[in-house]
Amino acid sequence: MSAATRRLTTAQALVRFLAAQYTERDGVRHRLVAGTWGIFGHGNVAGVGQALVEYGDVMPFHQGRSEQAMVHAAVGHARHLNRLSAQAVTTSIGPGATNLVTGAALATVNRLPVLLLPGDYFASHAADPLLQQLEHPSEADVSVNDALRPVSRYFDRINRPEALLASAPRAMRVLADPAETGAVTLALPQDVQAEAFDWPEEFFADRVWRVRRPAPDPEELADAVRALRAARRPLIVAGGGVHHGEAEAALEALVDATGIPVASTQAGKGSLRHDHPADLGGIGHTGTAVADDLARTADLVIGVGTRYSDFTTASGTLFQDPGVRFLNLNITAFDAHKLAARTLVCDARAGLTALTGALSGHRVPSSYEDEYRAGRARWEETVRAALRADDENAVPTQTQVLGALDAVVGDEDVVINAAGSLPGDLHKLWRSRSPRQYHLEYGYSCMGYEIPAALGVQQAAPGVPVWALVGDGTYLMNPTEIVTAVQEDLPVKLVLVQNHGYASIGGLSESVGAERFGTDYRHRAADGSFTGAPLPVDLAANAASLGMDVLRAKTVRELREALSTARAATRPTCVYVETVAGDAPGAQAWWDVPVAEVSARDAATGARARYEQAVADRRHHL
């Protein structure tokens, strides 16, 4: 007796399969693929497009305007749901597919799941070359989708319908595995998408991918406890893995029991509330003075769920104690072994809970607690000064914009940012009130991430106020998903800060001897110099033309009123504000951007001298 089968096209079978996939952690179940974003062309309209029409009752569809932005939206969704749910993105072949590469890189760099379903050439080569096909003179199986291989954690081209039986479950395993997750690509030749096959019914049965919480190895745990008991100046560096593992309460329990202070990466900020006595704020190049000062004298650095980017380590110059050692708790062995560390390869919550139990009765010296609490108090004065506006009728600085937003948001609000000068100000100054409030994409620091990511977060958290903070440079990169927000009735809030140029890279350019070249949005004179006159560009009018309600604020008082109105709004709303230069706290640690070794210009030669002095402090922790 033959097994039961169902005759469907490959695309129909894939959509039905995806609709039956679930994750489960701690007894809570989630849809693994909660919906599909799509822009249709000849490479997917008759295959995946038709399948989404066929099965719209089980697979929600979201219409995007930019392929890259659709991936950003899916990533925002996955991050807000702690990687337990993902979204799929389907495109045509050619430019639609290659536009996925940036988003895929962002997802994989940040260890966040997204499923990519680009169309591909005819597997049969019946129509060859077809519209938008890349021809290779010696490799007929190459397509533009191969550009996705290095930025995908799993890649397959489905050249026969039955290949999906093996490949689709493998793709789901990678999406659901916190140690391996990232962008997953199933390239779909368009003739195969439409080809029918007799699929076994078992392929469409509900399947649960359990997200385990592996416990630490007993010997690794014992070694870690010995190191912690011996340390006099330990420091925890909380990374994004604390949030992904929902380990914030376990971290707080460890800190309350031991007194060990916590500094956070961009991805880990909010692991402790800002007002916890052991929270030191951000660490590294964009960190706080108190966190970086303690990092320089720490004798044991406990990294929890961090991959130690160069911003975190100040390009290898931050941890300067001669005997400093590292203990890394990470679910990914690749990251746990960095900096020649002792390792705890395990789930963040399980590892922190085990450490708390094993360290019973141990506490850092009271003098150390007194030291970092005094440092916290000093830095809090710096924060208050930067956020405060003494003149309510003045044009605000960028940090005063953050102060106005801080006064308006609630604990449940989500603030999203990714690039420009805002990440540095936010890392140093933002007072995180809940684990999900601070959403900074800084692994890839991708301009144009914020607006589409806000859509994904809003889908993941209906009813929660979601704020996308963007500068003028970032806005111009990717405003298109405003239209999608309007179409889907997603009441995201956009704070559009106009400072007429690339403020962050302009400051960096000046510091490395490149003299702010190419970083201003202003008229040029005949000799190539800037005249200083702003361009006659109205970004607020642009946002309004795309369907947003727009509130213009010229003063601090008007800004606060506009933000309050936006927070209560039930449709997409933009608060537009021009800023003036202010005195934001400077970098508290170095960052390595190599400077020209020889130059005829004084700016570059001076910058090189400063560079050589700073790079001399780099250490290789072996």
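Visitor: How many salt bridges does a search of the whole structure find?

Guide: A salt bridge is a side-chain nitrogen of Lys or Arg within 4 Å of a carboxyl oxygen of Asp or Glu. A search of the whole structure finds 42 of them. This is a predicted model, in which local features need pLDDT of at least 70 and side-chain atom pairs count only at pLDDT 80 or more, whereas totals for chains, interfaces and linings use all residues. Residues are numbered from 1 along each chain as its sequence is written, and side-chain values use heavy atoms, with hydrogens and water left out.

Visitor: Which residue forms a salt bridge with D26, and where do the two partners lie?

Guide: The partner of D26 is R349, and their closest N and O atoms are 3.3 Å apart. Elements are read from DSSP runs: helices are H or I with at least four residues, strands are E with at least two, and both are numbered from the N terminus. D26 lies in the loop between β2 (21-25) and β3 (28-31), and R349 in helix α14 (residues 348-358), so the pair ties together parts that are 323 residues apart in sequence.

Visitor: Which residues are linked with D26 and R349 in a network of salt bridges?

Guide: The network links R25, D26, R213, E246, D347 and R349.

Visitor: Which residue forms a salt bridge with D177, and is D177 buried or exposed?

Guide: D177 pairs with R173, with the closest N and O atoms 3.7 Å apart. D177 counts as buried at 17% relative accessibility, while R173 is partly exposed, with a relative accessible area of 37%.

Visitor: Where do E380 and R384 lie?

Guide: Both residues belong to helix α15 (residues 366-387), four residues apart, which is about one turn of the helix. E380 counts as partly exposed at 23% relative accessibility, and R384 does so at 38%.

Visitor: How is the packing of two helices described, and at what angle do α3 and α5 pack?

Guide: Axes are lines fitted to C-alpha atoms, for helices over the stretch in contact, and angles run from 0 to 180 degrees between N-to-C directions. Helix α3 (residues 67-80) and helix α5 (residues 101-109) pack at about 20°, with their axes 7 Å apart. That makes α3 roughly parallel to α5. The classes are as follows: under 35 degrees is roughly parallel, over 145 roughly antiparallel, 65 to 115 roughly perpendicular, and the rest oblique.

Visitor: Is the crossing of α3 and α5 left-handed or right-handed?

Guide: A crossing is left-handed if the near helix is turned anticlockwise from the far one by less than a right angle, and right-handed if clockwise. The crossing of α3 and α5 is right-handed.

Visitor: At what angle do α16 and α17 pack?

Guide: Helix α16 (residues 398-408) and α17 pack at an angle of about 50°, with their axes 10 Å apart. That makes α16 oblique to α17. The crossing in which α16 passes α17 is right-handed.

Visitor: How many residues of α17 are buried?

Guide: Eight of the eight residues of helix α17 (residues 422-429) are buried, and the helix is mostly covered. Among these buried residues are L422, D425, H427 and K428.

Visitor: Which residues make the nonpolar surface patch?

Guide: Patches are made of residues with over 30% relative accessible area and no salt bridge: like charges are joined within 9 Å, nonpolar side chains (Val, Leu, Ile, Met, Phe, Trp, Tyr) within 5 Å. Here F40, V45 and F61 make a patch of about 240 Å². F61 is placed in strand β5 (residues 61-63) and counts as partly exposed at 32% relative accessibility.

Visitor: Which backbone features deserve attention, and which residues does a cis peptide bond join?

Guide: D128 and P129 are joined by a cis peptide bond, with omega about 0°. P129 lies in the loop between β7 (114-120) and β8 (154-157). R111, although not a glycine, has a positive phi of about 60°, and this residue lies in the loop between α5 and β7. A340 is not a glycine either, yet its phi is positive at about 55°; A340 lies in the loop between α13 (333-336) and β17 (342-345).

Terms used: Areas by Shrake-Rupley, 256 points an atom, 1.4 Å probe, with all protein chains shown as cover. Buried < 20%, exposed > 50% of the residue type's maximum accessible area, 1.4 Å probe, protein only.
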